[in-house]
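Visitor: I would like a close look at a single part of this structure, followed by a careful account of what else can be said, with the cut-offs of each term spelled out.

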Amino acid sequence: MPLPTVRLKKDLARSIRRGHPWVYRDALAGTPRHTSGALVEVLGKDGRYLATGFWDAESPIALRVVSLERSFDWPETVAERLAAALERRLSKLDRGTTNTFRWVHGEADRLPGVHIDVYADVATVRFDGAGARAAYGKLAERLTATPHLPIRSVVDRERRGGGRELEVVENGVRFVVDLAHGQKGGLFLDQRENRAEVGARARGLRVLNLFGYTGGFSLYAAKGGAARTDTVDVARPAIATARRNFELNGLAVDAALAGFHAVDAFEFLEGAKRRGERFGLVISDPPAFAKNRAGLTAALGAYRRLHGLAASVVEPGGIFCAASCSSQVDRKTFLASVDAGTRAAGRRFELEELRGAGFDHPVLPAFPEGEYLKFALGRVR
(Lines give C-alpha, C1' and ligand atoms only; values in the text may rest on other atoms or scores of the structure.)
Protein backbone atom coordinates (compact mmCIF):
# COMPACT_ATOMS: atom_id res chain seq x y z
CA MET A 1 0.00 0.00 0.00
CA PRO A 2 1.49 3.39 -0.99
CA LEU A 3 2.58 5.68 1.81
CA PRO A 4 0.95 9.09 2.27
CA THR A 5 2.94 12.04 0.96
CA VAL A 6 3.75 15.62 1.90
CA ARG A 7 5.19 18.22 -0.45
CA LEU A 8 7.80 20.85 0.33
CA LYS A 9 7.16 24.51 -0.33
CA LYS A 10 10.76 25.33 0.59
CA ASP A 11 13.70 24.08 -1.43
CA LEU A 12 15.25 21.65 1.05
CA ALA A 13 16.25 18.96 -1.44
CA ARG A 14 19.99 19.52 -1.10
CA SER A 15 19.85 19.66 2.70
CA ILE A 16 17.84 16.45 2.94
CA ARG A 17 20.04 14.58 0.47
CA ARG A 18 23.14 15.62 2.42
CA GLY A 19 21.66 14.05 5.54
CA HIS A 20 19.78 16.71 7.50
CA PRO A 21 17.04 14.69 9.22
CA TRP A 22 14.44 17.34 10.13
CA VAL A 23 11.58 18.86 8.15
CA TYR A 24 9.78 21.67 9.94
CA ARG A 25 6.04 22.12 9.55
CA ASP A 26 6.43 25.57 8.02
CA ALA A 27 8.50 24.07 5.18
CA LEU A 28 5.52 22.04 3.94
CA ALA A 29 2.89 23.02 1.41
CA GLY A 30 -0.66 23.14 2.72
CA THR A 31 -1.65 21.79 6.13
CA PRO A 32 -1.08 18.03 5.95
CA ARG A 33 -2.53 15.93 8.74
CA HIS A 34 -1.26 12.48 9.58
CA THR A 35 -1.09 10.24 12.63
CA SER A 36 1.99 10.57 14.83
CA GLY A 37 4.45 7.81 14.01
CA ALA A 38 3.10 7.18 10.51
CA LEU A 39 5.66 6.79 7.73
CA VAL A 40 5.26 9.55 5.16
CA GLU A 41 7.04 10.24 1.87
CA VAL A 42 8.54 13.69 1.32
CA LEU A 43 8.25 15.15 -2.16
CA GLY A 44 10.27 18.10 -3.36
CA LYS A 45 8.84 21.32 -4.77
CA ASP A 46 8.96 19.62 -8.16
CA GLY A 47 6.89 16.68 -6.90
CA ARG A 48 9.76 14.19 -7.04
CA TYR A 49 10.50 11.75 -4.22
CA LEU A 50 13.16 12.90 -1.74
CA ALA A 51 12.89 10.84 1.44
CA THR A 52 10.71 8.92 3.87
CA GLY A 53 10.25 9.86 7.50
CA PHE A 54 7.90 9.47 10.42
CA TRP A 55 5.28 12.08 11.21
CA ASP A 56 4.75 14.04 14.41
CA ALA A 57 1.34 15.70 14.63
CA GLU A 58 2.33 17.92 17.56
CA SER A 59 5.94 19.05 17.15
CA PRO A 60 7.18 21.98 15.02
CA ILE A 61 9.43 19.29 13.52
CA ALA A 62 6.71 17.65 11.50
CA LEU A 63 8.83 14.88 10.05
CA ARG A 64 12.11 13.11 10.88
CA VAL A 65 13.81 11.48 7.93
CA VAL A 66 14.66 7.79 8.25
CA SER A 67 15.49 6.82 4.65
CA LEU A 68 16.44 8.32 1.29
CA GLU A 69 15.33 5.09 -0.37
CA ARG A 70 11.71 4.60 -1.30
CA SER A 71 11.74 0.87 -0.77
CA PHE A 72 12.84 -0.28 2.69
CA ASP A 73 11.56 -2.29 5.65
CA TRP A 74 11.25 0.00 8.70
CA PRO A 75 11.32 -2.64 11.49
CA GLU A 76 14.30 -4.33 9.84
CA THR A 77 16.04 -0.97 9.43
CA VAL A 78 15.56 -0.17 13.13
CA ALA A 79 17.04 -3.55 14.11
CA GLU A 80 20.05 -3.07 11.82
CA ARG A 81 20.77 0.44 13.07
CA LEU A 82 20.44 -0.57 16.72
CA ALA A 83 22.97 -3.35 16.13
CA ALA A 84 25.36 -1.06 14.24
CA ALA A 85 25.21 1.63 16.93
CA LEU A 86 25.93 -0.92 19.65
CA GLU A 87 28.87 -2.37 17.71
CA ARG A 88 30.41 1.09 17.35
CA ARG A 89 30.29 1.57 21.13
CA LEU A 90 31.41 -1.88 22.18
CA SER A 91 34.39 -1.76 19.81
CA LYS A 92 35.79 1.24 21.74
CA LEU A 93 34.75 0.54 25.32
CA ASP A 94 36.44 -1.67 27.88
CA ARG A 95 33.39 -3.35 29.40
CA GLY A 96 35.50 -4.47 32.32
CA THR A 97 35.94 -0.88 33.50
CA THR A 98 32.91 0.84 31.91
CA ASN A 99 29.37 -0.54 31.88
CA THR A 100 27.48 2.71 31.25
CA PHE A 101 27.33 4.55 27.92
CA ARG A 102 25.02 6.01 25.28
CA TRP A 103 23.88 3.28 22.93
CA VAL A 104 21.85 5.42 20.53
CA HIS A 105 22.34 9.14 20.00
CA GLY A 106 19.27 9.84 17.93
CA GLU A 107 19.82 11.47 14.56
CA ALA A 108 23.58 10.83 14.55
CA ASP A 109 22.93 7.07 14.69
CA ARG A 110 20.23 7.34 11.98
CA LEU A 111 17.54 6.63 14.56
CA PRO A 112 16.07 10.13 14.86
CA GLY A 113 14.09 11.17 17.89
CA VAL A 114 15.29 8.47 20.30
CA HIS A 115 18.16 8.36 22.80
CA ILE A 116 19.13 5.16 24.59
CA ASP A 117 21.55 4.96 27.52
CA VAL A 118 22.90 1.83 29.17
CA TYR A 119 23.41 1.63 32.95
CA ALA A 120 24.79 -1.83 33.75
CA ASP A 121 21.86 -4.14 32.90
CA VAL A 122 19.26 -1.38 32.46
CA ALA A 123 18.53 0.72 29.36
CA THR A 124 16.87 4.13 29.62
CA VAL A 125 14.98 5.54 26.65
CA ARG A 126 13.96 9.12 25.82
CA PHE A 127 11.67 9.87 22.90
CA ASP A 128 11.63 13.31 21.29
CA GLY A 129 7.89 13.68 20.92
CA ALA A 130 4.83 11.58 20.15
CA GLY A 131 6.00 10.80 16.64
CA ALA A 132 9.15 9.02 17.79
CA ARG A 133 7.34 7.19 20.57
CA ALA A 134 4.82 5.78 18.09
CA ALA A 135 7.31 5.15 15.26
CA TYR A 136 9.61 2.88 17.29
CA GLY A 137 6.76 0.72 18.55
CA LYS A 138 7.82 -2.08 20.88
CA LEU A 139 11.37 -0.80 21.34
CA ALA A 140 11.75 -2.17 24.88
CA GLU A 141 11.26 -5.71 23.61
CA ARG A 142 13.99 -5.20 21.02
CA LEU A 143 16.43 -3.91 23.60
CA THR A 144 15.94 -6.73 26.07
CA ALA A 145 16.40 -9.28 23.27
CA THR A 146 19.70 -7.80 22.03
CA PRO A 147 22.53 -10.37 21.75
CA HIS A 148 25.85 -9.58 23.49
CA LEU A 149 24.27 -7.07 25.90
CA PRO A 150 22.33 -8.34 28.93
CA ILE A 151 19.55 -5.74 29.26
CA ARG A 152 17.10 -6.92 31.90
CA SER A 153 14.80 -3.90 32.04
CA VAL A 154 14.03 -0.68 30.19
CA VAL A 155 13.14 2.66 31.81
CA ASP A 156 11.12 5.24 29.89
CA ARG A 157 12.70 8.53 30.97
CA GLU A 158 9.47 10.46 30.52
CA ARG A 159 7.30 8.03 32.44
CA ARG A 160 10.04 6.67 34.75
CA GLY A 161 8.24 3.36 35.13
CA GLY A 162 10.51 0.68 36.59
CA GLY A 163 13.24 3.15 37.54
CA ARG A 164 15.55 2.18 40.37
CA GLU A 165 18.87 2.96 42.00
CA LEU A 166 21.89 0.91 40.99
CA GLU A 167 25.66 1.02 40.82
CA VAL A 168 27.60 1.53 37.60
CA VAL A 169 31.28 1.88 36.73
CA GLU A 170 32.90 4.34 34.31
CA ASN A 171 36.63 4.08 33.62
CA GLY A 172 36.91 2.21 36.90
CA VAL A 173 35.10 4.94 38.88
CA ARG A 174 32.00 3.73 40.69
CA PHE A 175 28.75 5.70 40.74
CA VAL A 176 25.35 5.32 42.32
CA VAL A 177 22.71 6.35 39.76
CA ASP A 178 19.02 6.99 40.37
CA LEU A 179 17.13 5.99 37.25
CA ALA A 180 13.78 6.94 38.77
CA HIS A 181 14.60 10.54 39.67
CA GLY A 182 18.10 11.45 38.45
CA GLN A 183 18.79 14.04 35.75
CA LYS A 184 19.54 12.68 32.26
CA GLY A 185 18.84 9.18 33.49
CA GLY A 186 21.27 9.30 36.40
CA LEU A 187 24.69 10.40 35.09
CA PHE A 188 25.88 12.90 32.49
CA LEU A 189 27.41 10.31 30.17
CA ASP A 190 28.43 12.90 27.57
CA GLN A 191 31.15 14.23 29.91
CA ARG A 192 32.92 10.88 30.42
CA GLU A 193 36.04 11.75 28.42
CA ASN A 194 36.20 15.26 29.88
CA ARG A 195 36.01 13.81 33.39
CA ALA A 196 38.98 11.59 32.53
CA GLU A 197 40.92 14.61 31.26
CA VAL A 198 40.26 16.49 34.51
CA GLY A 199 41.42 13.46 36.48
CA ALA A 200 44.66 13.36 34.49
CA ARG A 201 45.37 17.03 35.30
CA ALA A 202 44.30 17.17 38.94
CA ARG A 203 47.30 15.77 40.83
CA GLY A 204 48.32 17.99 43.72
CA LEU A 205 45.70 20.65 42.94
CA ARG A 206 42.80 22.06 44.89
CA VAL A 207 39.79 21.40 42.67
CA LEU A 208 36.44 23.21 42.58
CA ASN A 209 33.54 21.47 40.83
CA LEU A 210 30.64 23.87 40.19
CA PHE A 211 27.18 22.51 39.38
CA GLY A 212 28.77 19.25 40.42
CA TYR A 213 25.61 17.11 40.57
CA THR A 214 26.66 13.74 42.04
CA GLY A 215 30.36 14.55 42.02
CA GLY A 216 31.59 13.14 38.70
CA PHE A 217 34.44 15.57 38.05
CA SER A 218 35.32 15.59 41.76
CA LEU A 219 35.59 11.80 41.87
CA TYR A 220 37.94 11.70 38.90
CA ALA A 221 40.02 14.53 40.39
CA ALA A 222 40.27 12.82 43.78
CA LYS A 223 41.25 9.50 42.21
CA GLY A 224 43.76 11.41 40.10
CA GLY A 225 45.54 12.71 43.20
CA ALA A 226 43.93 16.11 43.85
CA ALA A 227 45.02 17.70 47.13
CA ARG A 228 41.40 18.60 47.87
CA THR A 229 38.04 18.71 46.08
CA ASP A 230 35.03 20.94 46.66
CA THR A 231 31.73 19.92 45.05
CA VAL A 232 29.01 22.56 44.74
CA ASP A 233 25.40 21.96 43.72
CA VAL A 234 22.17 23.63 44.84
CA ALA A 235 20.37 20.25 45.03
CA ARG A 236 20.85 18.62 48.45
CA PRO A 237 20.02 15.10 47.21
CA ALA A 238 22.70 15.41 44.53
CA ILE A 239 25.30 16.51 47.08
CA ALA A 240 24.30 13.64 49.37
CA THR A 241 24.85 11.23 46.47
CA ALA A 242 28.21 12.83 45.70
CA ARG A 243 29.33 12.03 49.24
CA ARG A 244 28.05 8.47 48.84
CA ASN A 245 30.01 8.14 45.60
CA PHE A 246 33.20 9.21 47.37
CA GLU A 247 32.60 6.59 50.03
CA LEU A 248 31.80 3.98 47.37
CA ASN A 249 35.21 4.60 45.80
CA GLY A 250 37.07 4.47 49.12
CA LEU A 251 37.86 8.20 48.99
CA ALA A 252 38.16 10.43 52.04
CA VAL A 253 35.13 12.56 52.89
CA ASP A 254 36.57 14.42 55.88
CA ALA A 255 36.40 18.21 55.70
CA ALA A 256 40.15 18.62 55.22
CA LEU A 257 40.16 16.74 51.91
CA ALA A 258 36.66 16.97 50.45
CA GLY A 259 34.00 19.64 50.71
CA PHE A 260 30.35 19.06 49.77
CA HIS A 261 28.33 22.26 49.46
CA ALA A 262 24.56 22.31 48.89
CA VAL A 263 24.45 25.92 47.78
CA ASP A 264 23.91 28.02 44.65
CA ALA A 265 27.12 28.14 42.58
CA PHE A 266 26.99 31.91 42.10
CA GLU A 267 26.55 32.39 45.84
CA PHE A 268 29.46 30.04 46.57
CA LEU A 269 31.73 31.90 44.14
CA GLU A 270 30.84 35.29 45.59
CA GLY A 271 31.76 34.02 49.04
CA ALA A 272 34.99 32.38 47.87
CA LYS A 273 35.99 35.59 46.10
CA ARG A 274 35.38 37.66 49.27
CA ARG A 275 37.46 35.21 51.32
CA GLY A 276 40.31 35.31 48.81
CA GLU A 277 40.15 31.58 48.13
CA ARG A 278 42.06 30.20 45.15
CA PHE A 279 41.83 26.88 43.32
CA GLY A 280 44.29 25.21 40.98
CA LEU A 281 41.51 23.73 38.82
CA VAL A 282 37.92 24.96 38.46
CA ILE A 283 35.19 23.18 36.49
CA SER A 284 31.95 24.99 35.64
CA ASP A 285 29.31 22.72 34.10
CA PRO A 286 25.94 24.47 34.48
CA PRO A 287 22.57 23.36 33.14
CA ALA A 288 21.51 24.89 29.82
CA PHE A 289 21.07 28.63 30.36
CA ALA A 290 19.48 29.03 26.90
CA LYS A 291 16.71 26.53 26.19
CA ASN A 292 15.48 28.48 23.14
CA ARG A 293 16.46 31.44 20.97
CA ALA A 294 14.30 33.82 23.00
CA GLY A 295 16.43 33.21 26.09
CA LEU A 296 19.79 33.61 24.39
CA THR A 297 20.58 37.20 25.42
CA ALA A 298 19.88 36.54 29.09
CA ALA A 299 21.81 33.28 28.91
CA LEU A 300 24.93 34.93 27.52
CA GLY A 301 24.81 37.48 30.32
CA ALA A 302 24.62 34.64 32.86
CA TYR A 303 27.53 32.83 31.22
CA ARG A 304 29.70 35.96 31.28
CA ARG A 305 28.93 36.56 34.95
CA LEU A 306 29.61 32.91 35.82
CA HIS A 307 32.89 32.82 33.90
CA GLY A 308 34.06 36.04 35.53
CA LEU A 309 33.32 34.79 39.03
CA ALA A 310 34.91 31.39 38.32
CA ALA A 311 38.05 32.96 36.82
CA SER A 312 38.41 35.22 39.84
CA VAL A 313 38.98 32.21 42.12
CA VAL A 314 41.46 30.39 39.83
CA GLU A 315 45.03 30.78 41.03
CA PRO A 316 47.39 32.49 38.53
CA GLY A 317 48.28 29.96 35.85
CA GLY A 318 45.58 27.59 37.10
CA ILE A 319 43.19 25.56 34.96
CA PHE A 320 39.65 26.65 34.14
CA CYS A 321 37.20 24.27 32.44
CA ALA A 322 34.06 26.05 31.24
CA ALA A 323 31.20 23.99 29.82
CA SER A 324 27.89 24.68 28.10
CA CYS A 325 25.28 22.12 27.11
CA SER A 326 23.05 24.61 25.31
CA SER A 327 22.66 23.93 21.58
CA GLN A 328 21.47 27.53 21.20
CA VAL A 329 25.00 28.77 21.99
CA ASP A 330 27.53 27.91 19.29
CA ARG A 331 31.25 27.38 19.92
CA LYS A 332 32.36 30.83 18.82
CA THR A 333 29.74 32.60 20.95
CA PHE A 334 30.51 30.44 23.96
CA LEU A 335 34.25 31.10 23.76
CA ALA A 336 33.52 34.82 23.47
CA SER A 337 31.53 34.61 26.72
CA VAL A 338 34.47 32.91 28.46
CA ASP A 339 36.87 35.57 27.20
CA ALA A 340 34.54 38.46 28.10
CA GLY A 341 33.84 37.09 31.57
CA THR A 342 37.48 36.53 32.49
CA ARG A 343 38.47 39.96 31.17
CA ALA A 344 35.71 41.60 33.21
CA ALA A 345 37.28 39.94 36.25
CA GLY A 346 40.66 41.45 35.36
CA ARG A 347 42.05 38.11 34.22
CA ARG A 348 42.95 36.50 30.89
CA PHE A 349 41.89 33.08 29.57
CA GLU A 350 44.31 31.12 27.36
CA LEU A 351 42.50 28.30 25.57
CA GLU A 352 44.34 24.99 25.36
CA GLU A 353 41.55 22.75 24.09
CA LEU A 354 37.94 23.06 23.00
CA ARG A 355 36.41 19.66 23.59
CA GLY A 356 32.91 18.25 23.11
CA ALA A 357 30.90 15.20 24.08
CA GLY A 358 32.28 11.67 24.17
CA PHE A 359 32.55 9.41 21.11
CA ASP A 360 29.21 7.77 21.92
CA HIS A 361 27.52 11.16 21.33
CA PRO A 362 28.53 11.60 17.66
CA VAL A 363 27.68 14.61 15.48
CA LEU A 364 26.55 14.52 11.84
CA PRO A 365 28.30 17.10 9.63
CA ALA A 366 24.95 17.81 7.94
CA PHE A 367 23.22 18.27 11.30
CA PRO A 368 25.03 20.95 13.32
CA GLU A 369 22.06 21.19 15.69
CA GLY A 370 23.31 17.96 17.22
CA GLU A 371 26.54 19.57 18.44
CA TYR A 372 25.50 20.91 21.81
CA LEU A 373 28.29 20.34 24.36
CA LYS A 374 31.24 22.73 24.57
CA PHE A 375 34.06 22.15 27.06
CA ALA A 376 36.70 24.88 26.97
CA LEU A 377 39.87 23.96 28.87
CA GLY A 378 42.61 26.54 29.42
CA ARG A 379 44.73 28.60 31.79
CA VAL A 380 43.79 31.75 33.64
CA ARG A 381 46.52 34.39 33.87
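Which residue in β7 is the bridge partner of Arg 102?

Guide: The bridge partner of Arg 102 in β7 is Asp 117. This is a predicted model, in which local features need pLDDT of at least 70, side-chain atom pairs count only at pLDDT 80 or more, and totals for chains, interfaces and linings use all residues.

The hairpin of β7 and β8 has two residues between the strands, and Ala 120 takes a positive phi near 55 degrees in it.

In a regular strand the side chains alternate between the two faces of the sheet. For β7 both faces are covered, with Val 114, Ile 116 and Val 118 buried on one side and His 115, Asp 117 and Tyr 119 buried on the other; buried means under 20% relative accessible area, exposed over 50% and partly exposed in between, with a 1.4 Å probe and protein chains only. Because six of the six residues of β7 (residues 114-119) are buried, the strand is largely enclosed by the rest of the structure.

Aromatic rings can be followed through the whole structure, where a search finds ten aromatic pairs. One of them joins Trp 74 and Tyr 136, a tilted pair with 5.6 Å centre to centre and 50 degrees between the planes; rings of Phe, Tyr and Trp (its six-membered ring) pair if their centres lie within 6.5 Å, with planes under 30 degrees apart counted as stacked, over 60 as edge-to-face and the rest as tilted. This pair links distant parts of the chain, since Trp 74 lies in helix α2 (residues 74-90) and Tyr 136 in the loop between α3 (130-135) and α4 (139-144), 62 residues apart. Trp 74 is buried at a relative accessible area of 9%, and Tyr 136 is buried at 4%. Phe 217 and Phe 375 form a stacked pair, with 5.8 Å centre to centre and 10 degrees between the planes. Phe 217 belongs to helix α6 (residues 216-223) and Phe 375 to strand β18 (residues 374-380), so the pair ties together parts that are 158 residues apart in sequence. Phe 217 counts as buried at 5% relative accessibility, and Phe 375 is buried with a relative accessible area of 0%.

Among the helices, α8 (residues 265-275) and α9 (residues 296-312) have axes that come within 9 Å and cross at roughly 35 degrees, the axes being lines fitted to C-alpha atoms over the stretch in contact, with angles from 0 to 180 degrees between N-to-C directions. On the α8 side, Phe 266, Leu 269, Glu 270 and Lys 273 meet residues of α9 including Arg 305, Leu 306 and Leu 309, where contact means heavy atoms within 4.5 Å.

Key
Residues are numbered from 1 along each chain as its sequence is written. Side-chain values use heavy atoms; hydrogens and water are left out. Helices (H or I, at least four residues) and strands (E, at least two) are DSSP runs, numbered from the N terminus. Two strands pair if DSSP finds at least two bridges between them.
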